[in-house]
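Open the model in your viewer and keep the sequence panel beside it. This tour tells you what to select at each stop.

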Amino acid sequence: MHPDIPAFTRTLAEAAGELIRRERLAVQGLSTTYKGGAELVTHADLKADQFICDAIRERFPGHRILAEESAPTMQDLSAWQGPLWIIDPIDGTVNYAQGHFQSAVSIAYAEQGRVLCGVVCNPFVNETFHAVVGGGAWLNDSPIKVATKTQLRRAIVATGFPYIKGDMRPIVRRLALVLQECADIRRLGAASLDICWVAMGRLDGYYENLSLWDFAAAQLIAREAGARYGHFKPVPEGVSPEFHDQNILVANAALFPQLHDLLNRADAGGDS
Ligand code: IPD
Ligand code: CA
Ligand code: CA
């Protein structure tokens, strides 16, 4: 990894964070539309996406970019071994448009299919989570660690739900069992922050189906904070576990297997 990348990524995520914060203050009513009829996108998502991609192209021409709004195609990605940037310009767009504070800019940098650097910046509360592989995880300038709870019945577990409503039965079954067996649940609305909150102990566990840009940066932050990051179903053959976006599970080493079993128990109890 080029030695400038960690500082460049943090500066860029914080500048994009400032852009989306200012944009929400400045604009009388954000301009919004719905991708695919169901997924909210604001003009600030597009503006931040372009700002981040332009800065990367200028500083590192030739690097590949996967960006939710301007370059979302995953084609050939598993075969790509070169430098790759993975960008969610606003994670938590619904919160953003509703005036909530739980939204973030997420930027990850990968080489040979492995994320080496990740930054998740929530500009509304001045919190930047960041990690470089092997260097620990940080919230602003302080190191962070995953929580030490060991009992499911004391655990606060977050999850999220898809915008496109397909078969909701498996989701509802998992939710019912988590609600039954854990202390409580949260649906905070920004997956990158959910995972960072597990990394720093504000949450004890998290599971969901996502897209790569939602979790690429945060999963590194979680692992560097000592969390166990993985999946509660087998990862299909030929798919990099680091890039697999379904059945994601994050918790500390004690709670991970318990949540893994619980979620599988929920699935075994239903007809799909
Ligand atoms: C969404 C958020 C949400 C999660 C959705 C994501 P977006 O990202 O992370 O928490 O439940 O699956 O799509 O659309 O706000 O970038
Ligand atoms: Ca997202
Ligand atoms: Ca987004």
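Is D214 buried or exposed? D214 counts as buried, because its relative accessibility is 11%; buried means under 20% relative accessible area, exposed over 50%, and partly exposed in between (1.4 Å probe, protein chains only).

Some ground rules before moving on. This is a predicted model, where local features need pLDDT of at least 70, side-chain atom pairs count only at pLDDT 80 or more, and totals for chains, interfaces and linings use all residues. Residues are numbered from 1 along each chain as its sequence is written, chains are lettered from A and ligands numbered from 1 in the order in which they are written, and side-chain values use heavy atoms, with hydrogens and water left out.

**Stop 1: the calcium ions**

Select ligand 2, a calcium ion. D88 (OD), D91 (OD) and D214 (OD) coordinate this ion at 2.1 to 2.3 Å. Donors here are N, O and S atoms within 2.8 Å of the metal (3.2 Å for Na, K and Ca); water is not among the atoms, so sites may look incomplete. Along the chain, the donors of ligand 2 follow the spacing D-x2-D-x122-D. D91 sits in strand 4 and D214 in helix 6 (residues 212–224), so the pair, 123 residues apart, links distant parts of the chain. Helices (H or I, at least four residues) and strands (E, at least two) are DSSP runs, numbered from the N terminus.

D88 bridges ligand 2 and ligand 3, which lie 3.7 Å apart. Check D91 as well: it is buried, with a relative accessible area of 6%.

**Stop 2: ligand 1**

Select ligand 1 and show what is around it. It is surrounded by 17 residues, and the closest are D91, G92, T93, A191 and E208; a residue is near a molecule if one of its heavy atoms lies within 4 Å of it.

Next, draw the polar contacts (pairs of N or O atoms within 3.5 Å; within protein, one must be able to donate a hydrogen and the other to accept it, and residues adjacent in sequence count only if both atoms are side-chain atoms). They include these:

- E208: a polar side-chain atom is 2.4 Å from an oxygen atom of ligand 1.
- D91: a side-chain N or O atom is 2.6 Å from an oxygen atom of ligand 1.
- Y163: a side-chain N or O atom is 3.1 Å from an oxygen atom of ligand 1.

How much of ligand 1 does the protein bury? Taken alone, ligand 1 exposes 370 Å², and the protein buries 93% of that. Accessible areas come from the Shrake-Rupley method with a 1.4 Å probe; for residues, only the protein chains shown count as cover.

**Stop 3: Y163**

Stay on Y163. It lies in the loop between strand 10 (156–159) and helix 4 (169–181). At 37% relative accessibility, Y163 is partly exposed. Leaving aside neighbours within four places in sequence, Y163 is in contact (heavy atoms within 4.5 Å) with A38, E39 and V94.

**Stop 4**

Switch to cartoon. An open sheet of seven strands runs in the order 3-4-5-6-7-8-9, with mixed pairing. Two strands pair if DSSP finds at least two bridges between them. The edge strands, each pairing on one side only, are strand 3 (64–67) and strand 9 (142–143).

Start at strand 3. Four bridges join it to strand 4 (residues 84–91), and the two run parallel. Pick L66: its bridge partner in strand 4 is I86.

Move to strand 6 (residues 114–122). Eight of its nine residues are buried. Strand 5 (residues 104–111) pairs with strand 6 in the antiparallel sense over seven bridges, and A110 stands opposite V115. The hairpin of strand 5 and strand 6 has two residues between the strands, and Q112 takes a positive phi near 50°.

On the other pairing, six bridges join strand 6 to strand 7 (residues 127–132), again antiparallel. N122 stands opposite E127. This hairpin has four residues between its strands, and N126 in the turn has a positive phi of about 55°.

**Stop 5: N252**

Finish at N252, in the loop between strand 14 (248–251) and helix 7 (255–268). N252 is buried, with a relative accessible area of 7%. A polar atom of its side chain lies 2.7 Å from the backbone nitrogen of L255. Not counting residues up to four places away in sequence, N252 touches V146, A147, T148, K149, D204 and R228.
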